[in-house]
Amino acid sequence: MKNDEIVGLLKGNFGEAFRGSEELSGDLTVKVDLDRLHEVLQFLRSHPSLEFDYLPFMTAIDYSVYPKPKTKEMETKLKEAKAKEEKIKENEEKLKEAKEEEAEKLKEEIARLKEEVVKAKEESEKLKKEAEREERKKRFDIVYQLRSTKHPYDIRVKAEVGEEDIVESATDIWNSAGCDECEIYDMFGIKFKNHPDLRRILMPEDWVGHPYRKDYPLKGRKEDDEYLDTHLPEGQLKRPEHTRMP
Amino acid sequence: MNSVEETRRVEINMGPQHPSTHGVGRFILTLNGEIIEDVKPVCGYLHRGLEKLAENMTYQQFMPIVDRLDYVASMNNDLAYCLAVEKLLGMEVPERAEYIRVIVAELGRIASHLIWLGTMALDIGALTPFFYTFRDRETIYDMFEEICGARLMYNYVRIGGVAKDITPKFMEMLKHFLDTFPRLMKETDGLLTKNRIWMRRTKDVGVISYDDAINWGLSGPSLRGSGVNWDLRKNRPYGIYPSLEFDVPYFPEGDVYARYLVRLEEINQSVRILRQCVEKIPAGEYMNPESPFVRPMKKPKEGIALKDFVLQIRGVKMPVGEIYFGAENPKGELGFYIVSDGAGKPYRMKIRTPSFVHVFALPKIVKGGLVADIVSVISSLDFVFGEVDR
Amino acid sequence: MAMHVLTGVIKFIVAFAVLGIYALVMLWFERKALGFFQIRIGPKLVSSGLEGLLQPVADMLKSLWKEDIVPHRADKLVFWVAPVIGGMFPFAAALAMPFGPPIKIGGSYFYLSIVHVNVGILYILAALGLTSYSILSAGIAAGGNKYSLIGAQREVAQMVSYEVVMALALLNPILMARSLDLYEIVAAQSHHLWFVFYQPVAFVVFLICMFATAAIVPFDLPEAEQELVAGYNTEYSAMKMAMFPFGQFITVLVMSSLMVIFFLGGWTGPYWDGHPWILGFIWYWVKVLFFVFLFIWSWGTFPRYRYDQLMNMCWKILLPISVLNVLWTGFALIVHLPMI
């Protein structure tokens with residue numbers, strides 16, 4: 001079964017909940033609605049010809065600062081391509097009148113320009129695709145990388161998640177989702193229901209904030225220093241001023 | 001009656017400073033006598049926020065930090081990361097570089113397994129194998145020092161190839177190592193494999209069934225110890241592994257002893273792979289000259305300074321999209337999930353580490369065992385806390 | 001009478017010095033031997049001319065000067081008493097241990113042990129049994145440290161398992177020699193073959209119990225470093241901590257000498273028929289030191305048993321075997337089987 005067929009299968013079974021697919025270097029990504037995410041996962045796990053029984057990882061992505069589609073750039077690229085096409089025409093007209101020595105030079109130039117035109121068109125098309133993509137309404141994407149140990153398939157399932165949304169836990173399908181969901185809860189603040197033991201695992205339990213969100217500063221915040229001060233053991237030296245967070 | 005039962009429970013903090021948690025791991029054990037009723041892993045003592053760091057660094061700058069994930073198998077970490085970035089770029093690697101990569105990766109695998117073997121023997125109370133394995137590991141580190149100057153954090157495998165060509169002296173050392181190592185390995189093997197005490201301590205301890213191993217997301221030797229014939233080098237082949245002959249050892253018992261045998265056999269298979277590489281390694285380039293990450297040494301004149309500058313500050317522009325690549329590391333599947341927005345820095349990078357999954361599978365495995373069992377199970381799952389906390 | 005007291009005091013001082021020096025030399029030898037097994041050098045820098053022989057002295061001085069930490073919540077008295085018991089009772093056991101064959105002066109014998117009692121083995125076993133109280137009290141007194149507590153718990157489990165079996169194993173030579181006196185038991189073996197040839201099963205059983213008594217590697221459960229950090233002596237520091245290994249070394253010596261006396265004919269040996277005293281002395285110490293070396297050898301070779309496995313082995317395998325063996329020995333003695 002090829003990637004297209006898997007996509008077709010999902011499209012047929014979930015209809016509108018299926019939001020599209022992408023492929024890069026053989027990696028298949030499908031997007032689904034959050035409401036039917038759990039159903040999709042269960043379908044992928046239990047379908048006899050797919051059997052995605054292994055969950056390498058799951059994670060979340062914060063799309064809040066993802067670059068906006070570059071419509072201006074696209075337009076300039078298209079203009080460039082048009083200008084070059086015109087130049088090709090000019091050159092071709094010159095070619096008819098030119099002598100032998102000049103003709104070869106012109107031919108080379110035309111070939112070069114043609115290549116450039118193709119490139120520019122490709123790039124503008126890429127940008128066009130991005131621009132046509134639906135504008136995001138929700139902040140996060142939740143990502144499940146699935147794998148089948150019986151068949152040679154890998155697939156990535158994504159769903160958009162807002163800050164207030166509660167995702168249904170996948171621990172009943174793959175037990176290994178438990179620790180990853182804890183990590184997502186810890187680092188992004190996305191909550192899960194039906195999770196047996198949802199807690200912060202990497203940060204302290206009373207930590208405020210979610211470090212992997214894009215609005216969390218890389219060097220930490222002032223509150224973090226205050227937190228550390230209150231949690232230092234008795235008698236331990238406080239951190240000197242110059243090492244404090246900005 | 002119930003209240004009497006309750007008072008007998010003892011809670012023990014195993015770690016963060018404990019001889020056998022292999023790093024700064026902490027496990028809260030609830031004991032009934034010496035029988036473990038519950039284990040709660042607490043991690044984060046080594047949390048450095050590598051994934052956040054990656055978002056603020058160019059792909060090239062992140063290389064040395066990858067070394068710090070599983071700090072006893074840095075070569076393999078480098079290789080996995082480079083393969084992931086190359087998959088995103090769609091870049092080819094020269095054949096010689098591929099062979100060099102396999103050589104260093106397999107040597108790294110042997111070194112990692114040797115450390116595991118020594119520490120596992122130490123955890124079960126056998127003092128001496130530790131020194132034998134560290135002697136052999138030392139020769140491997142000497143070889144790594146010969147090719148890249150570093151002994152622990154190599155940063156040797158680069159995007160598009162490797163940093164330097166291997167030297168003739170290295171090849172000599174490698175050949176000598178391949179001649180002597182299997183014999184030296186027998187010393188440790190003889191001390192442990194058929195030892196009755198060793199077998200009693202490891203057999204039927206920490207049993208994981210076939211389905212559980214897959215469902216819990218175990219990978220690498222721990223998965224194969226449960227009878228799953230699964231190796232990313234075979235099942236999702238990468239590099240030149242398909243052209244090399246090697247077997248994937250797997251044992252259906254699923255206990256500590258099976259995982260021990262799997263790793264011992266893997267050492268032998270790595271030696272086998274290395275022998276083939278020594279024979280087959282071709283001459284040629286060790287780095288893809290087309291790689292945008294390479295400073296253009298051969299082209300003279302103007303572009304150099306500017307390109308170098310751009311490389312340093314902005315990074316190489318990458319295609320838009322997202323890929324996941326998992327490589328078979330000594331401890332299991334180390335994977336990199338990279339989301340690129342086209343800039344020189346990854347938009348998001350998720351590092352899938354085997355140890356993280358293994359730590360959270362531990363409570364299910366050791367429940368009902370004795371305190372002495374948790375030690376052998378921990379060492380048989382072989383996790384490193386640099387990977388767990390990232 | 002005064003003469004007896006005087007010789008007793010002199011013997012005591014000499015034995016104390018000998019055992020003290022023995023413990024230090026053993027510490028050095030143990031580290032050197034382990035170093036040899038483990039392809040490393042061992043202590044070298046202190047007194048480099050003597051291969052680091054003075055290293056234990058330096059260690060002792062260091063532990064004398066180290067800070068002596070008593071946990072805040074510890075039971076102070078018991079915390080103090082535990083290492084004293086640990087150092088004292090193996091020493092007390094060594095009081096009855098022969099240091100060599102008796103010297104014949106005129107018509108009477110001069111015994112090379114501090115006290116010569118005709119129930120010596122009972123006394124030694126009692127003193128060694130009491131040593132466990134040091135570990136037990138160390139574990140309980142350590143101010144609620146759970147590792148110490150589990151270490152103590154394991155020691156108790158270990159002790160009740162091996163003590164019975166050990167006594168039963170020693171019963172066979174005692175029955176054959178018809179005496180509880182260590183010297184008599186050796187004398188009984190000088191007439192015919194050593195008891196190891198008549199009692200191979202008891203020999204093996206005692207060999208196992210020997211390691212369990214001294215808590216050395218296959219059975220070092222109470223202080224299993226990788227599981228319990230340091231077991232009962234987790235909370236101890238400085239000289240108090242040093243008392244436990246010191247007691248352990250003396251236990252090793254006493255157990256080795258018991259082994260030699262009960263099964264390997266003590267100071268008897270080829271070319272020794274009671275007269276060349278010095279040859280008997282050499283035979284005796286060669287055998288004893290071989291067993292002391294055996295302890296170190298096992299330390300460098302074996303992994304550790306789990307404590308339920310030790311109990312299983314002792315109660316389910318060794319105990320029935322030992323009981324049957326005692327019954328067989330009694331039967332053989334009654335019907336006067338020719339080999340005895």
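Visitor: In which loop of chain A does Met203(A) lie?
Guide: The model is a predicted one, in which local features need pLDDT of at least 70, side-chain atom pairs count only at pLDDT 80 or more, and totals for chains, interfaces and linings use all residues. Residues are numbered from 1 along each chain as its sequence is written, chains are lettered from A and ligands numbered from 1 in the order in which they are written, and side-chain values use heavy atoms, with hydrogens and water left out. Helices (H or I, at least four residues) and strands (E, at least two) are DSSP runs numbered from the N terminus. On that basis, Met203(A) lies in the loop between strand 7 (191–193) and helix 6 (222–231).

Visitor: Is Met203(A) buried or exposed?
Guide: Buried means under 20% relative accessible area, exposed means over 50%, and partly exposed is in between (1.4 Å probe, protein chains only). Because its relative accessibility is 13%, Met203(A) counts as buried.

Visitor: How much area do chain A and chain B bury between them?
Guide: The contact joins 50 residues of chain A to 44 residues of chain B. In chain A, Tyr54(A), Leu202(A) and Tyr212(A) lose the most area to chain B, together 16% of what that side buries. Buried area is the accessible area (1.4 Å probe) that two parts lose on being put together, summed over both. Carbon and sulfur atoms give 54% of the total, which is about 4,000 Å².

Visitor: What radius of gyration does chain A have?
Guide: Chain A has six helices and seven strands, and its C-alpha atoms fill a box of roughly 90 × 60 × 30 Å along the principal axes. The radius of gyration is taken over C-alpha atoms, and the globule rule is 2.2 Å times the number of residues to the power 0.38. A compact globule of 246 residues would have a value near 18 Å, but that of chain A is 26 Å.

Visitor: Why does the radius of gyration of chain C agree with that of a compact globule?
Guide: Chain C has 12 helices and two strands, and its C-alpha atoms fill a box of roughly 65 × 45 × 45 Å along the principal axes. For 340 residues a compact globule would have a radius of gyration near 20 Å, so chain C agrees with its value of 21 Å.

Visitor: What percentage of the residues of chain C count as buried?
Guide: In chain C, 77% of the contacts with a separation of 6 or more are between residues 24 or more positions apart. Of the 340 residues of chain C, the buried part is 51%.

Visitor: Which residue of chain B loses area to chain C and also touches Arg154(C)?
Guide: Between chains B and C, 34 residues of chain B are in contact with 27 residues of chain C. In chain B, Glu34(B), Ile197(B) and Arg200(B) lose the most area to chain C, together 23% of what that side buries. Arg154(C), in helix 5 (residues 146–177) of chain C, counts as buried because its relative accessibility is 1%. Among the residues that Arg154(C) touches are Val371(B), Ala372(B) and the residue asked for, Glu34(B).

Visitor: How far apart in space are Tyr111(C) and His336(C)?
Guide: Tyr111(C) is in the loop between strand 2 (108–110) and helix 4 (120–141) of chain C, and its 22% relative accessibility is why Tyr111(C) counts as partly exposed. Leaving aside neighbours within four places in sequence, Tyr111(C) is in contact with Lys11(C), Pro102(C), His116(C) and Tyr183(C). From Tyr111(C) to His336(C) there are 225 residues in sequence, and in space, C-alpha to C-alpha, 32 Å.

Visitor: How far apart are the nearest C-alpha atoms of chain A and chain C?
Guide: Of the two pairs of chains in contact, chains A and B share the most contacts. Chain A and chain C do not touch, and their nearest C-alpha atoms are separated by 16 Å.

Terms used
Contact means heavy atoms within 4.5 Å.
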